[in-house]
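Reader: Could you take me through this structure? I would like to ask questions as we go.

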Amino acid sequence: MRRLRRLVHLVLLCPFSKGLQGRLPGLRVKYVLLVWLGIFVGSWMVYVHYSSYSELCRGHVCQVVIDLCELQKVEWRTCLSSSPGQQVYSGLWQNKEVTIKCGIEEALNSKAWPDAVLRRELVLFEKPTRGTSIKEFQEMILGFLKANLGDLPSLPTLVDQILLMADFNKDSRVSLAEAKSVWALLQRNEFLLLLSLQEKEHASRLLGYCGDLYLTEGVPHGSWHGAVLLPALRPLLPSVLHRALQQWFGPAWPWRAKIAIGLLEFVEELFHGSYGTFYMCETTLANVGYTATYDFKMADLQQVAPEATVRRFLQGRHCEQSSDCIYGRDCRAPCDRLMRQCKGDLIQPNLAKVCELLRDYLLPGAPADLREELGKQLRTCTTLSGLASQVEAHHSLVLSHLKTLLWREISNTNYS
């Protein structure tokens, strides 16, 4: 990206910079250059994005799966994203806006996609094997959940729910094909998270599933990041311009306060829930979604991870410095330099990372009589650590104060 910026500067900007500086104030030159940079890089990213994914977003493989299911009446709309692991579409099903997610790992690696589908099935649907009893399958699921969520007393309840869900055709029995399908679904991190957080208000609800394809509630409205800027373009823009774009394209400040309250409630939901604790490992505004009534919805659960999974990845991992101890994008643990091993406890808890996010999201445009106190509360919040001594009482107190402060500002108004 640094080389790209230098190249753009040399090719496009330098020939005009001297002449412009002679006629325009320095500040205006700066913004002219930014406009040139934005147009060039934006056009280049759009071209690369669509040329790379035009073939992947035609739904061939997902359509094969959906045609074999009882979901034939899904009306396909737009390809939202495509990656080597998953295709995501918007659609309409039973008069509801839905998101269609289909795993296509092996299929994308071959031009002859029907053969690739068969190879993928051999991998994703290899368990359980023929002859496995329902009791053995139950133990398989329990062992899988323990490995991914931790050894929790509530897991047998979740196992029962999964077995009930596995009976796709509701004939009171789980066939081998149904067992293979639900096992393949469980390998999807987001699907496991959807099951674990199914009773939580701020996670999308699971609506349908078959094979390794599943439907969730429609994609919530994105934050101003997703609507305005391509991901690769955001790092090139200064923070001042980021804040300006947020003011111009984001919701009004009281609506942002309501969304922020929902985000803080989601942090509470992730902490010591029915099926363990979960970490947000990519805390960005791109994941801050909201409904038509400005209630917060997590836009992407794929970056949320169970505590047991994060600890298993980090604990004992070889490291030279703390930057070697990262799970996802921002779940960081300290490095024991004497032992040269990562520790299992995270440096920053969910709440501290969310408060860093809310400083840029809430402070611009905040009412004058609230800005000082809100800034103080958010600064206190960002200093929280992941130490066990702080996690219980201190975190709960800080979170409660923030929610109360925001709710007091918008309660008894049209925004509440």
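Reader: How exposed is Arg340?

Author: Arg340 is partly exposed, because its relative accessible area is 45%. Buried means under 20% relative accessible area, exposed means over 50%, and partly exposed lies in between, with a 1.4 Å probe and protein chains only.

Reader: Where is Arg340 placed?

Author: Arg340 is in the loop between β12 (335-336) and β13 (341-342). The phi of Arg340 is near 55°, a positive value in a residue other than glycine. Strands here are DSSP runs of E with at least two residues, helices are runs of H or I with at least four residues, and both are numbered from the N terminus.

Reader: And what should I know about the model itself?

Author: This is a predicted model, in which local features need pLDDT of at least 70 and side-chain atom pairs count only at pLDDT 80 or more, while totals for chains, interfaces and linings use all residues. Residues are numbered from 1 along each chain as its sequence is written, and side-chain values use heavy atoms, with hydrogens and water left out.

Reader: Is Gln94 buried or exposed?

Author: Gln94 counts as exposed, because its relative accessibility is 55%. Gln94 lies in the loop between β2 (86-93) and β3, and its phi, near 50°, is a positive value in a residue other than glycine.

Reader: Which strand does β3 pair with?

Author: Strand β3 (residues 96-103) is joined to β5 by 5 bridges, and the two run antiparallel. Two strands pair if DSSP finds at least two bridges between them. Leu215 in β5 is the bridge partner of Ile100.

Reader: How many bridges join β4 to β5?

Author: There are 4 bridges between strand β4 (residues 206-210) and β5, which run antiparallel. Tyr209 has Tyr214 in β5 as its bridge partner. β4 and β5 form a hairpin with 2 residues between them, and Gly211 in the turn has a positive phi of about 60°.

Reader: Why is β5 described as largely enclosed?

Author: Strand β5 (residues 213-217) is largely enclosed by the rest of the structure because 4 of its 5 residues are buried.

Reader: Now the helices, please. How do α5 and α7 cross?

Author: The axes of α5 and helix α7 (residues 176-186) come within 12 Å and cross at roughly 0°, which means that α5 is roughly parallel to α7. Axes are lines fitted to C-alpha atoms, for helices over the stretch in contact, and angles run from 0 to 180 degrees between N-to-C directions. Angles under 35 degrees count as roughly parallel, over 145 as roughly antiparallel, 65 to 115 as roughly perpendicular and the rest as oblique.

Reader: Which residues make that contact?

Author: Phe137, Met140, Ile141 and Phe144 of α5 make the contact with Ala179, Val182, Trp183 and Leu186 of α7. Contact means heavy atoms within 4.5 Å. By class, the contact of α5 with α7 has 8 nonpolar residues, no polar and no charged. Ala, Val, Leu, Ile, Met, Phe, Trp, Tyr, Cys and Pro count as nonpolar, Asp, Glu, Lys and Arg as charged, and the others, Gly among them, as polar.

Reader: How many residues of α7 are buried?

Author: In α7, 9 of the 11 residues are buried, and the helix is mostly covered. Among them are Trp183 and Leu185.

Reader: What about α5 and α12?

Author: The axes of helix α5 (residues 134-149) and helix α12 (residues 307-314) come within 5 Å and cross at roughly 70°, so α5 is roughly perpendicular to α12.
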